[in-house]
Amino acid sequence: MKPQEPIPHNYSMRGLNLIFALSSIGLLMATGLIVGYDYVRGWKWFQREFMRMQQERIESDLRAAQLETNKTQLADLDRRVRENEVDIARHRDQYVLAQKDLDRWEGEHYAADQDFRFAKARLDAQRYIAEASVVEKRSDGPRQLAEYKRQDRHFNDLVLRLQDVTRKRDAAKARVDVWLGKIKTEEDKRKELTASVDLLNKQLQTVQLTGPNLILNLPMLDFVNPTFKVDQVVLSDLFVDVNYMHVPRVDRCMTCHRAIDRPGFESKKEAARLTQELQQKLDSFQIAQEKRKDVEDRIAQLKRIEDAPQDTLNPWRTHPKLDLFVGSASPHPLLDFGCTACHRGQDRATEFGRAGHVPASPRMERRWASAVSTLLPGPWDYNKRHWAWEENPFNETPMYPRQYYEAGCIKCHSGQTWVDQGDEINKATSTVELYGCYACHKINNWRFTDLRRPGPDLNGIAEKTTPEWAFRWISEPHNFRSTTRMPSFFYQRNMIDPSVVPAPEREQNIRYQDAEIHSLVTYLFSKSSHRPWQPPAGAGDAGRGKQLVESVGCMACHIDSEWLKDEKSGQNRLARRDDYPLERNYGFNLTGVGTKTHAAWIYNWVKNPKNYYADAPMPSLRLTDQEAADVTAFLLTLQKPQFMTSTIRPPDPAAVHDLAKGYLVNTLSDRDAEAKLRAMPLHDQLVFLGQRSIEKYGCYSCHNIKGFEGLKPIGTELTVEGSKALHLFDFGFVHDYISAEDGKHEHIQDNVASWVYNKVRNPRIYDDKRTKTYGDKLKMPNFHLTQDEARRITMVVLGLTKDLVAPEKMAALDSRSRLMEEGRKRVSQHNCRGCHVVDGKGRAIASTIADTNFLPPDLSPEGSRAQSPWLFNFLKDPTVMKIRPWLNVRMPTFHFTDQETNTLVTFFAEEGKAAQFDTMRAMHLPAANVVIGKTVFDMLRCAQCHVMAPVDPENPPKPTVADTTSLAPNLTLAKLRLRHDWIADWIRRPNEMIPGTRMPTNFPRDAATGGFQSPLAMAIDTPQFAQYKSRLLPYFRGDEKELRRTMTDAVALTDYLRDYIWSIGINQMRAASPDGEVPTVLQPSTPATPAMPALKSGRLERVQAGRGGGR
Amino acid sequence: MSEEITPYQVVPKTPLAGSAAGDIREQGEITRRNFPFVLTAAWLALTAALGGLTSVLGRFMFPNVLFEPVQRFKAGFMSDYAVGEVDERWKDKFGIWLVRTEEIMYALITVCTHLGCTPNWLPTQNKFKCPCHGSGYYKSGINFEGPTPRPLERAKIFIDPSDGQIVVDKAKQFHQERGEWVDPESFIKL
Amino acid sequence: MTFIKDFINVLSASSISFLLLSSIFAFIVYFNLLDGQLRTKGGKLFLGLGIAFVLIGLFIRPLLYLGIAYLAIMFGLAHLGPRLWDRKVGKWLLIFMLAGFFVSMLDPNFFLIAAKPDNVPIGAMIFLLGIFTWIALRKAYLNDKQIAAGGIPWEKTETSEKLFVWPDLVYTEMLCMILLTIVMIVWSIVLRAPLEEAANPTSSPNPAKAPWYFLGLQEMLVYFDPWLAGVVLPTLIIVGLMAIPYIDTNPKGAGYYSFRERKWEIGIFLYGFLVLWSFLIITGTFLRGPNWNFFGPYEYWDPNKLVPLVNIDLSEFFWVSLFHMPPPRLWVIRELPGILLVVGYLSLPPLLATGPFRRFYLKMGATRYYVGAFLFLIMMALPIKMVLRWLFNLKYIVHIQEIFFNI
Amino acid sequence: MADLRALQDGIVNSQIWKSIFRVGIPNTNRKRVLAVLGSLILHLHPVKVRRSGTRMSYTWCMGGTTFFLFLVETVTGLLLMFYYRPTIEYAFTDIMDLREQAPFGIMREMHRWGAHAMVIAVWLHMFRVFMTGSYKPPREFNWNVGVILLVLTLLLSFTGYLLPWDQLAIWAITVGSSMARATPGAGNEGPMSGLIKLGDIRLIHAGDDARFALIGGRSIGPATLLRFYVLHCVAIPLVAGFLMAIHFWRVRKDGGISGPL
């Protein structure tokens, strides 16, 4: 090689070489960096920790399993295997001979099988050739056919031969198996013994971080079969809105929340709760026999968790409600519902922050957001449970904070008044209904439409009360009643709070507010009707009135006191709404009613509220004149004189002028407005201002006020409020404030939940620090909500989203559910639960009636119990029949329309899964059944409690026995009222149907089999029952055995009883109407199928399209 | 700076006057004799880096997550299937034939083991026949004709204890030629 | 510190920054042109301009700041003199810029905008532009010195000397590639590519911005209607760029850095490239916030910030303000002043060709002269319009909404 | 060390090596010439260049940087095409998945930052070329090719900006493409367009104007996405590649890497 030719260089070659070397090494490092960067992902850390946890658990299980394995048995088996081997070795020549024989036959079989298969293939081919040549009418057709037949014969020979050889081979195999079989059984037994250990060992391999898994998880190699991997669920019918289109969700939450669907990783708290729950179920035999073992195992597992030294932390915890969510047998299995459909958050995300986790409190926020190194936050912070969290401004659907989890129910369950097991969400929707949020804020959602106006009609206000009272009431309703739902509009934080409003402005605001209240009162009283109400004719007795109010049923809907003894401090304090059940907040609190109104009005109101205004929610209790007078006298004693002592400042003409002009200049020039105002006296100005103020504050949304019909509700529509982007919520300049209620320091987090919560808690808060004109200030009134109530309302608002769900996943969309939901809505609208138990809930009145026998009935079995026509008539007019005439509580007259009644009747019938029309009404009852039934009736001494006297609806029979509590319903009515099948069922298991009923259980269940036992089985042969026996025998053709057998058959006996009870009514009716005609009753019309719920716009069409199309 | 302020020497240079020693600034160019250590290191590092980057490209082609249809599905109850028949109801959706015989029930994967076509079930001839190259299989899945080298594969099949339904899991497959068809997971014993 | 920040905010939070930049640019050019002496006639002119700014600034507050800043920079530059091109001074300038940047990063509002992933390259671009402009001008300065001293440009000393591509060029190219790859990898790791919410046609973000390299155009849209700023001007920019080699017939300065030999070409090009292109992009990226309002670099981008945007047309100015009469109904008459002004502006070249620019006309020939002058006038229309808008709230010079024709 | 050298000799003298690198180590002038002439890639260069052409301080290496970035963009863009589907259904989620789970989803970062860097590099390249007066005869034409390449670079970046299909993307493109609406005579809102009429019927409207041609609809939508995808991945790169070839060819033919002639 020649020496190199020297040439001039621009740069030093040596320097370039050095740069080359350094940059190449740099590139190598960069390559390493890119690989490392791609490899280090937050979720891997979670998976590694979880594998570690699993490993520890399996190892401890393994130790336990190894201890449990029966060592001696194992050794015994090994010994026997060896013995068998020795045995074979001893008879080796025989064994070898058999094996050789088998080998030979195997070979024969193989050959025969091959011949058979080839022949079969040839035969199939030949058949095709033959068929084809015949069809195509070729000349060689017959020849091919003949050839086919020949081959077929040959094939049959081969089949026979194959069968023969197979048989011989099997025989040879059996001979060999004699020798090997023994060893095999021993080995199988051994496998069985070590099965659990083997299984655990296998499991251990999958969760070990070392060994093969280490290599499988190495960077660049982790595409082969890594144990660290992204798990996901594709939900093709739950959608994410990418605005142009809805795309299926892809949830990857389980990548980090690995144990979410695996029982065994509960937190200690949850484990304790579950243990208790399961144990209770186990103890009360609610679990089927074959499942009991599983449940016991599960309890043992949970106990182990409770005793474990360390608590499982998130994200490795099991879902706390596996039976409801995530579990494969639950109604919301993981593979069908995923996670983000309920919790929201970013589907597809695999990093803590990006997933859209939202801290539930400022404290949590601080912990999450802190990082070891703020410059490089990453998985290395996770050890300290710092998630390097920061608000992701680009996530449009952050998760619901912990206290609002159940908000996620609404989007699928909005067609239901009641979500099964959704305690929080049910309370939340009821709270929204109670406060009537829907009146001012349109919520286009089945649950919140078609509900009553929350406030009373104001068109007759002058008949009811005085302007002075009204002024004070509007100024601050809470001063009159601590539990009122009427919110405070005036003198609120943004108007008068010295910490927010500077002094001169505050004084002006007070004058303006005074003027507005005056104008409202003036307007309402000037427009009010003045019907003359007649006062009660005679004087009422307040004492009797009090008794009536407490017993006749008023307490189902009303509260009569606002002072309570605080359980903690033992002192009296003002009551809050949530001190009482929801149902008792339905009507207003009766305190101070005497101050508010006067005798004539009360008298007429309690006689029939509908006289005052047609939509009055209060039903008529059909009080007699005297009763009404008594009640009036009592209610008038409920005075609150101190309320009327506060001073009323007269309206400031200047303020009225300013405000009225403010409205006028919108349409008129300044001069014209002035001229117009000059022409108006103060009263007219007030009326004008009052009208504008009603518009301003939206009074008409809750109250019926003439002249304001059909106006749009005042508030923001909330139909999809939960989907509104965060930046559209006006936080003003407020992020911290001192609560006006309790003086506590509140922090408003930067999320929608926190905004809404603080808004409903303190509606004017976002005006703080802002400079606004009087008219521009926020005007949402203050409901004085408790923290829980505010949280619940927030929950509903958060749940009202525009998330799209395929109809298959929507709850209660089928027509039966629609019928029932319509009924349920009526039930809560008319507060039926104030007196009755419906759907297993309610009967608020129970707290005021000591004796359970004087409680209104439990309606849980009403659908299967009552005949629909009877129920229809009863609801229309409860005076038709009195079932338990000795009750003080009265079923009131609601003046239902036919349609409402039908809706309710249908609801009960559907709930009881009963037919609308009971065909048994016209059934012929065999005489023998009636006689046997009557005898059994006598034997069980049913008549001791039940009356069977004929019924005069006008004059029901009075109790004849001193101990009225033992009285039972008049059986005469059974025929008209009860469903035939239900009677027998009821007699068999009354306590199961209505726990705590007075009806004795005559046919107790057998603890072992669960069958019914008859008390007459033994009794029939006792002397006391001789007469009955003789009475019965003829009906069994004198067959005593048959009689005895029947007497042990509880079902047969109750059926006889049923037929007898049914016949009583018929006989009595015949007696009542000589021509033998059954009295006619109004027939219910076929209930109209209620319309589908008006879901969000467009949804319904899709729903129907989806149904039509099917899937 | 000062040295730069003085005007340049206006000396036109001849091309390749580079023999002048001043212009040959370095003799660091590559020769065979003194292949320097620095260069060796540089080339090694560069080769390694490029190799690394190339394998990054390779790794890029293997996604971490698949959007394939689910491998595991519930196939209803045993009573839904007639004895002795090859059931084709899951063929289109999941690519599975369910076969119920007198003794057992098993799930065959509808992929020909020859070149991956989907064979047809011919009830009249009682065999699976692949349209691509004519491979034939018995009802059991054993190959008997055509070019295919091995029998059809069976999928994991078991009864869900919680509801008694048949569950088929395609993720786990059993090969007859490896003797895996005796595995209790490869069939349901009736 | 707060005072400086407020000062900078006020300076940049309006078109002043643009004026400032234009004047400083002119001054630098002048500086290079005449070895900047404040005592010369030109120097006094610039000085006078600065003093005028200050005097007017007594009434229009932002202009006062502008004048002060301008005078400070001018005196600073004059003090530095040719030392500006000293390596040491360059180094210090860079350090000063970097320090300013990092100190600014401590400000949360500045950080929020500057650290936005898509803005990082533009931040880098500011530095790159500064560095490379300095290098180019420095080299030009040195070469000019050489030529003035009777020498030849530095590049020419090596013209005849040729090197083998292998290894010299190939090697450096490879090193560049390797280093660039490293930069790209590290950059990609340190900075996440942005991904915001899914596209939503019903809700525009505030502000909605074009990709950063088009933000100059978007800024132009504030001053001109879309047909001009979005269509005609960009087309003319491309056409103008392409026309450069054909208009510029100056044989000097080919293949080496120089300034004095091509002072007009470089002056105009740099004005277009640095001020009208790069600076507008920087403005559009960093200084334009919600509702396309101006925000200083340390100001919070408050979407509720209100800025009065009352503009008037030339016709209104002419008829209403000057003659107190309603604008004539017929648009030809109404817009006559504007049309005359535009026609007058565009007929400047022939006028000038007979006067002060006669030597250009003679040197370049008629076609080149007219094309070049036209392009130059169009280019200058932007700063002129900007200044008019800023000083007089002038919206349109010609406003014929009847045919959508507005200038 | 001796073994190493033997190994090196063995490799360098093997037939395979020689068949690929025909020249061997170019340590003589002849070989240096042959190394460049014999290689397709190096052949872009002449055998010898002016000294100033190799000086970083003179060229800033911006043209080469731009070309290299173009190659980076090609490679990373090609890879991204494996995981990206240009439909409104998938575009956004696919980009999201690049970050969430795709192996080496960092290719997206490389592609995006490379694009920004390329725009900056191409500007600086133009700046340098102007400052050294390297557009002067005989290089006028190549300057023009360069200007077109600059425009193409901007268009590449612009079309790519839409593909992630997030808010940033569609609003940037909405704002950027709305200017086409004002094209005189061809845009819906351009001057004079209102005069183009057939009777009373306006011929230029939102459904057929210049912007419509660009985005394939009245507003940004699925058609725009597909259109921009095709432009971004196929049409513009093809044109740019072709022009680049011309550009490089003319660099050589017009007197080599710029410098005084």
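Bear in mind that the model is predicted. The predictor scores the complex at an ipTM of 0.88 and a pTM of 0.85. The C–D interface brings 71 residues of chain C into contact with 83 residues of chain D.

**How confident is the predictor in chain C?**

- Chain C averages a pLDDT of 84, with 93% of its residues at 70 or more.
- Within chain C, helix H2 (residues 16–34) is where confidence is lowest, with a mean of 65.
- At the other end, confidence in chain C is highest in helix H5 (residues 87–105), at 92.

**Where chain C meets chain D**

- On the chain C side, H7, strand E1 (162–164), H8 (165–190), H9 (215–223), H10 (226–247) and H11 each put in at least two residues.
- H8(C) gives the largest share of that side, 14 residues.
- By residue type, the side of chain C that touches chain D splits into 49 nonpolar, nine polar and 13 charged.
- There's strand pairing across the two chains as well: E1(C) and strand E1 of chain D (residues 48–50) run antiparallel, joined over three bridges.
- In that pairing, Lys48(D) of E1(D) sits opposite Phe164(C).

**The H7–H11 pair in chain C**

- Helix H7 (residues 120–148) and helix H11 (residues 263–287) of chain C pack at about 155 degrees, and their axes are 11 Å apart.
- Angles over 145 degrees count as roughly antiparallel, and H7(C) and H11(C) are therefore roughly antiparallel to each other.
- The crossing of H7(C) and H11(C) is left-handed.
- From H7(C), the contact uses Ile122(C), Ile126(C), Leu129(C) and Thr133(C).
- H11(C) answers with Leu274(C), Ser278(C), Ile281(C), Ile282(C) and Thr285(C).
- That makes a contact of six nonpolar and three polar residues, with no charged ones.

**A four-stranded sheet in chain B**

- Chain B has an open sheet of four strands in the order E5-E6-E7-E8, with antiparallel pairing.
- E5 (120–122) and E8 (143–145) of chain B are the edge strands, each with a single partner, so one side of each has no neighbour in the sheet.
- Strand E7 of chain B (residues 136–137) pairs with E8(B) in the antiparallel sense over two bridges.
- If you want a residue to look for, Gly136(B) has Glu145(B) in E8(B) as its bridge partner.

Notes: Residues are numbered from 1 along each chain as its sequence is written. Chains are lettered from A and ligands numbered from 1 in the order in which they are written. This is a predicted model: local features need pLDDT of at least 70, side-chain atom pairs count only at pLDDT 80 or more; totals for chains, interfaces and linings use all residues. Axes are lines fitted to C-alpha atoms, for helices over the stretch in contact, and angles run from 0 to 180 degrees between N-to-C directions. Angles under 35 degrees count as roughly parallel, over 145 as roughly antiparallel, 65 to 115 as roughly perpendicular and the rest as oblique. A crossing is left-handed if the near helix is turned anticlockwise from the far one by less than a right angle, and right-handed if clockwise. Two residues are in contact if their C-beta atoms, placed from the backbone, lie within 7 Å. Ala, Val, Leu, Ile, Met, Phe, Trp, Tyr, Cys and Pro count as nonpolar, Asp, Glu, Lys and Arg as charged, and the others, Gly among them, as polar. Two strands pair if DSSP finds at least two bridges between them. pLDDT is the predictor's confidence in each residue, from 0 to 100.
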